[in-house]
Structure formats: C-alpha cells, structure tokens
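This report covers selected residues, helix packing and aromatic contacts in one structure.

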Amino acid sequence: MNVQRVDKKVLGPALAGFFIMGFSDIVAPITAYIAADHPDAPRGAVSFLPTMVFLWFLVLSIPVAALVNRWGRRNTALAGYAFTIAGLLVPWFAGAGCPLEWYFIGFGLLGIGAAIVQVSVNPLLATIVPAERMSGYFTCGQIARNTSLLLLAPTVTGLVALTGSWRLMLPVYAVLTLLCGLWLQRAPVPEQRGMSHSSGLSAVFGLLRNRTVLLATLGVAASIATDVGVGFLSVRLIDAPSSILTTTGFYACRIVGTLVGVWVLMRFNDVKYLRWNMSGALILGLLLLFVRNEAAIYSALGLLGFSMACVFSTFYSVATKAAEGRANDVAGLAVMSISAGAVSAPVCNALIRLTDNPHMGILFILCCVAYMLCAASVLKTHA
C-alpha cells in the first residue's frame with residue numbers, strides 16, 4: 001500500500017539502488033575495449049558479453065519476485081548487491097589479459113545481481129511513494145541510474161589516460177556497491193511480506209491476461225533492448241578513439257530528459273508524454289540510419305537519449321497501477337522483460353556483419369521504437 005508521505009530516509013537508499021542498477025549496463029559500451037584486449041578471441045564472441053548479463057533477467061526474475069515476498073525487499077536487494085560485487089571483482093582478480101572466460105563468469109554474476117536488485121528495489125520505491133506520482137518518482141530513479149551510466153565514459157577515459165587501462169573501474173564500482181548496501185542496511189525500510197500473494201509462476205504470468213500489463217511489459221522489453229542496442233552501436237558509429245564519449249552525450253541528454261520528465265509527469269498525463277517522445281525517437285532513429293557527419297551523430301544520439309528518458313518508468317508505473325496490490329509480481333514481469341537486452345548486441349552485430357555497415361544496426365533500434373510508439377498509442381490514458 002502506497003503512503004502519501006515519502007520517507008526521505010528510505011527514498012535515498014532506494015534511489016541509490018537505481019544507481020547500482022546502472023552498473024550492469026556498463027558491459028555493452030566496454031565490449032570494444034575487451035575485444036581490443038583479446039584480439040585472438042573467436043569472431044563475434046565478445047558481442048555476447050551483454051547477453052551474459054541480461055540472460056539472468058529472464059531466468060531469475062519470477063523466482064526472485066516470489067523470494068521477495070518471503071525475504072523482504074531489503075534483504076533481497078542486499079543479496080543482489082553481494083552478487084554485483086562478486087561479478088565486478090572476478091575479472092579484476094583474474095588480472096589484466098585474463099582469458100575471456102573470466103569476463104563471461106564475472107558478467108554473469110553481475111547479471112544475477114542486477115536482476116535481484118531490479119526485482120526488489122522497484123517495488124520498494126513503489127511502496128513508499130503515492131500512486132498518482134509514481135511515474136515521476138520512477139523517473140527520479142532513472143536519473144540515479146543514468147548518472148552512473150553518464151559517468152562511465154569519463155571514468156574509462158580518465159583511467160586509460162592515468163593508468164593505461166580501464167580495468168580499475170571494476171573495484172571502484174565494487175566499493176560503491178558496498179557503500180550503497182551499507183546505507184540500505186541502516187534504512188528503516190517498510191517491509192510488506194505477503195502483500196503480493198503470488199501462488200507461483202502461473203499467478204505471475206496470469207497478470208499478462210491484463211491487456212495493459214501485457215503491453216507495458218513488452219514496452220519495458222523494447223526500451224531495454226533499445227538502450228543496450230544504442231550502447232553497443234554508439235561506439236561503432238564513429239570511427240575514432242573518442243567514440244565512447246557518444247555514450248556520455250546519450251546519457252547526459254537522458255538525465256536532462258529525466259529532469260524534464262519529473263516535472264512533466266508530476267503534472268501531465270504520462271502515456272501522452274510517452275507518445276510524443278516515441279514519435280521523436282522514431283525520427284531520430286531514421287536520421288541515424290543515414291547520417292555520417294560526427295556532429296550530427298552526436299546530436300542525434302543525445303536527442304535520442306532525451307526521448308528515451310522516461311520510457312521504462314512510464315511503462316513500469318502503468319503496469320503497476322493496472323495490477324494494484326501485485327507490485328512484486330509486476331516487478332518480476334518487468335525485470336524478466338529486461339532480458340530482452342540480451343539479444344541487442346548479437347542482433348546488431350549480425351546486421352553489421354551482414355551489411356558491413358555499423359549504421360544498419362539501427363534497424364533493430366527502429367523496430368523497438370516502432371513497437372513502443374504503437375503500445376503508447378493503444379494504452380489508455382489516465383488523467
């Protein structure tokens with residue numbers, strides 16, 4: 001049950017959880033660095049590293065949703081933090097130049113942690129905020145998540161300049177995860193075990209008979225597939241050592257979009273705002289398909305980041321409101337949908353290899369955006 005007064009002592013650690021969620025998204029942009037460190041690896045093997053992260057969203061989301069009902073959201077989130085720390089430290093302790101297999105193991109553990117954190121922190125935030133302002137608060141969570149992604153490129157660039165390697169970011173992120181876990185441990189989290197009475201897989205998947213939940217769940221899948229696809233493609237659209245900075249522009253504009261979105265979603269209809277943004281994203285995707293000018297690519301990616309800012313939070317909040325009292329189960333479905341990110345890098349890589357043109361990977365992005373626009377057009381608006 002949502003309360004009208006938001007407990008700031010819980011809001012801070014909950015939003016910090018979104019910051020930690022962003023660590024799982026570092027994999028797609030740094031695949032190019034890992035590929036450079038492993039020139040003898042089988043062709044295309046590195047492109048499956050993001051799959052190792054997002055695969056676990058498919059496998060674990062529903063079981064973890066049931067676990068949340070028994071363990072509570074805080075304890076479950078802390079378990080996710082532990083897996084995240086392990087996933088970051090495995091390739092670090094394996095050492096520079098370690099076999100590619102250590103990255104697959106580490107990023108697999110990172111994916112397990114990210115899946116657990118997603119399932120537990122999202123409904124935790126839903127519990128402490130008023131329903132009518134849920135989209136706005138979830139957008140605040142995305143600001144925290146996008147901030148961690150925004151810092152990725154400057155961190156990598158700075159570490160390469162100072163140490164000659166990007167790898168020091170792994171223990172740095174592990175320490176940040178530990179600190180956020182300690183913060184959450186001390187917070188007065190309102191546990192509501194049993195509030196979401198799931199009777200197992202059939203009960204959770206039964207929610208998909210609700211048309212709104214189905215459309216929104218697929219919308220979450222399309223939004224994550226788009227994000228991962230953009231992260232994978234952005235460093236390949238520009239043939240320059242500084243190409244990773246395209247992710248900085250994307251996430252910087254995304255943070256601006258979330259700030260604007262917080263203001264808009266607190267005052268206006270969320271689904272209508274989603275329609276406007278997806279219309280713009282479709283135009284930008286078409287533009288990226290054809291333009292080759294660096295400035296135009298940077299600008300289009302930045303504006304695309306702005307357009308994608310509120311998509312996940314809107315779809316998730318729409319589904320949560322459509323299934324009142326089932327926040328944990330909706331979280332399980334939403335996080336399961338995040339596994340769609342596993343297909344982005346392989347599909348985009350296949351399109352690039354087929355056409356020998358990195359811009360053709362945008363076709364996958366266009367398909368995802370087209371679905372989100374259609375879903376936003378079909379979903380009912382609630383004033």
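## Ile224 in helix 10

Ile224 has a relative accessibility of 5% in this predicted model, which means that Ile224 counts as buried, the cut-off being under 20%. Ile224 belongs to helix 10, which spans residues 211-234.

Setting aside neighbours within four places in sequence, the contacts of Ile224 are Phe54, Phe312, Ile338 and Gly341. Tyr371 lies 147 residues from Ile224 along the chain, and the C-alpha atoms of Ile224 and Tyr371 are 13 Å apart.

Ser307 is part of helix 13, residues 294-307. With a relative accessible area of 8%, Ser307 is buried. When neighbours within four places in sequence are left aside, Ser307 touches Asn277, Met278, Gly280, Ala281 and Leu284.

Helix 15 covers residues 327-337, and eleven of its eleven residues are buried, so helix 15 is largely enclosed by the rest of the structure. The buried residues of helix 15 include Ala327, Asn328 and Asp329, and also Leu333, Val335, Met336 and Ser337.

## Packing of helix 4

Two packed helices are described by the angle between their axes and the distance between the axes. Helix 4 (residues 73-94) is described here against two partners, helix 8 and helix 3.

The axes of helix 4 and helix 8 (residues 169-186) come within 9 Å and cross at roughly 165°. Angles over 145 degrees count as roughly antiparallel, and helix 4 and helix 8 are therefore roughly antiparallel to each other. The crossing of helix 4 past helix 8 is left-handed. On the helix 4 side, the contact is made by Arg74, Ala77, Leu78, Tyr81, Thr84, Ile85, Leu88, Leu89, Pro91 and Trp92. On the helix 8 side, the residues are Leu170, Pro171, Tyr173, Ala174, Thr177, Leu178, Cys180, Gly181, Leu184 and Gln185.

Helix 3 (residues 49-71) packs with helix 4 at an angle of about 130°, and their axes are 7 Å apart. Helix 3 and helix 4 are therefore oblique to each other. Val64, Leu67, Val68 and Trp71 of helix 3 make this contact with Arg73, Asn75, Thr76 and Ala79 of helix 4.

## Aromatic pairs

How many aromatic pairs does a search of the whole structure find? The search gives six. One of these is the pair of Phe19 and Phe23, with 5.6 Å from centre to centre and 75° between the planes, an edge-to-face arrangement. Phe19 and Phe23 are both buried. Ring pairs also link Phe19 and Phe23 with Tyr173 into a cluster.

Another pair is formed by Tyr103 and Phe107, whose ring centres are 5.9 Å apart and whose planes are at 45°, so the pair is tilted. Tyr103 and Phe107 are both buried. They are four residues apart in helix 5 (residues 100-128), and so are separated by about one helical turn. An α-helix has 3.6 residues a turn, so residues three or four places apart point the same way.

## A charge over a ring

Arg236 lies over the face of Phe232, and the distance to the ring centre is 3.7 Å.

How values were computed. Residues numbered from 1 in each chain as written. Predicted model: local features only at pLDDT ≥ 70, side-chain atom pairs only at ≥ 80, totals over all residues. Heavy atoms only, no water. Phe/Tyr/Trp six-rings, centres within 6.5 Å; stacked < 30°, edge-to-face > 60°. Buried < 20%, exposed > 50% of the residue type's maximum accessible area, 1.4 Å probe, protein only. Helix = DSSP H or I, 4+ residues; strand = E, 2+ residues; numbered from the N terminus. Lys NZ or Arg CZ within 6 Å of the ring centre and 35° of its normal. Axes fitted to C-alpha atoms, helices over the stretch in contact; angles between N-to-C directions. Parallel < 35°, antiparallel > 145°, perpendicular 65-115°, else oblique. Left-handed = near helix turned anticlockwise from the far one by under 90°. Contact = heavy atoms within 4.5 Å.
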